[in-house]
Amino acid sequence: MPAISTSSLPDIVFMLLFFFMVTTQMRDTENKVAVKLPEASEVVKLERKDLASYINIGSPVKHLQAQYGTDARIQLNDSFKTVEDIRDFIAAERDAMSEGDRQLMTVSIKADENVRMGIVTDVKQELRRCSALKIMYAARKPGIE
Amino acid sequence: MAKKTPEINSSSTADIAFLLLCYFLMTTTMGSQTGLSRRLPPMPDQNQKVEDQKVNRRNIVVVRINAQDRLFAGSEPMDVTQLKDKMKEFLSNPADDPELPEKTEIDIEGYGKCLVSKGVISLQNDRGTSYQAYIAVQNELVKAVNELRDEWSMSTYGKKYSRLTEEQQEIVRKAVPQNISEAEPKEEKKK
């Protein structure tokens, strides 16, 4: 019995590789807070992903709980921050953008469904103070994990 | 006769490609970010005197979620599932009820004169409200507006809002505005 030709296998795998390279994006930050987004049926897509800044709110992930406790915290970039740090964060994000893109900046608030509105309200107030007014409450479509 | 060059052994290319594939699978995320888009009101200037915005009582409905995630629309308690229809009735005011918001005639470019509701939904929450409940309510409010837009575009263009052209969507957005105001957080109760 002749052996099955495997000469096209590399081509198939390369094709898969290119597919994933094109459709995915680099994970830029490590999640330090566990965020399970709330469900909403009327969600819209974030238009310019490159102009979005993310504010994660939730309780720290399991292995950090010993150190930071289980209270909801804010994560900016790669570390835990407080509400006061948002101002610097927004300023830094703005600086990294070109002049024309700055009004289009969107702040995506990724908050866990179990956090209380108190912390979210604080974040919103701080964003208003920095006049970063375009926001998005990150949510997922029902049925999609 | 020239000596035949030996072929490069390519049996390991597959393995290399698999390795690369695995690397990309691990380090990247399938990104489709979705969410509810909102525009925050600008911070009022501190030196400026805060003028009380005189909004006619009939034009505003207060939707409140308290710390126990109970929902109140106007003054009556309500379930989230009932909210959408209530808000649609409020925004469209089909019977021209004097208790419900008034309409003004505005001129929309590319369409002409059109009656637009002046109704504003004011969403208030407590510090103890859970985010999940808050988003659920936001979602219902958006759904109410979206359905009204669909109905409006159905009767005007005979198509659903999402199937209209950019310009037509712009017109519909002006005819059925999404006026949801996220109220200033209430000051802590003074004793």
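Predicted model: local features only at pLDDT ≥ 70, side-chain atom pairs only at ≥ 80, totals over all residues.
Residues are numbered from 1 along each chain as written, and chains are lettered from A in the order written. Local features need pLDDT of at least 70, side-chain atom pairs need pLDDT 80 or more, totals for interfaces use all residues, and side-chain values use heavy atoms, without hydrogens and water.

**Exercise 1.** Describe how helix α1 of chain A packs against helix α1 of chain B.

Step 1. The helices (DSSP runs of H or I, at least four residues) span residues 9-23 of chain A and residues 13-27 of chain B.

Step 2. Their axes, lines fitted to C-alpha atoms over the stretch in contact, are 9 Å apart, at an angle of about 15 degrees.

Step 3. Angles under 35 degrees count as roughly parallel, so α1(A) is roughly parallel to α1(B).

Step 4. Contact (heavy atoms within 4.5 Å) involves residues including A:Phe14 and A:Phe20 of α1(A), and B:Phe18 and B:Phe24 of α1(B).

**Exercise 2.** State how many residues each chain gives to the contact, and how much area is buried between the chains.

Step 1. Chain A gives 52 residues and chain B gives 47.

Step 2. The buried area (accessible area, 1.4 Å probe, lost on putting two parts together, summed over both) is about 4700 Å². Carbon and sulfur atoms give 62% of that area.

**Exercise 3.** Find the salt bridge across the interface.

Step 1. The rule (side-chain nitrogen of Lys or Arg within 4 Å of a carboxyl oxygen of Asp or Glu) finds one.

Step 2. A:Asp122 and B:Arg127 form a salt bridge through their side chains, at 2.9 Å from N to O.

Terms used. Axes fitted to C-alpha atoms, helices over the stretch in contact; angles between N-to-C directions. Helix = DSSP H or I, 4+ residues; strand = E, 2+ residues; numbered from the N terminus. Parallel < 35°, antiparallel > 145°, perpendicular 65-115°, else oblique.
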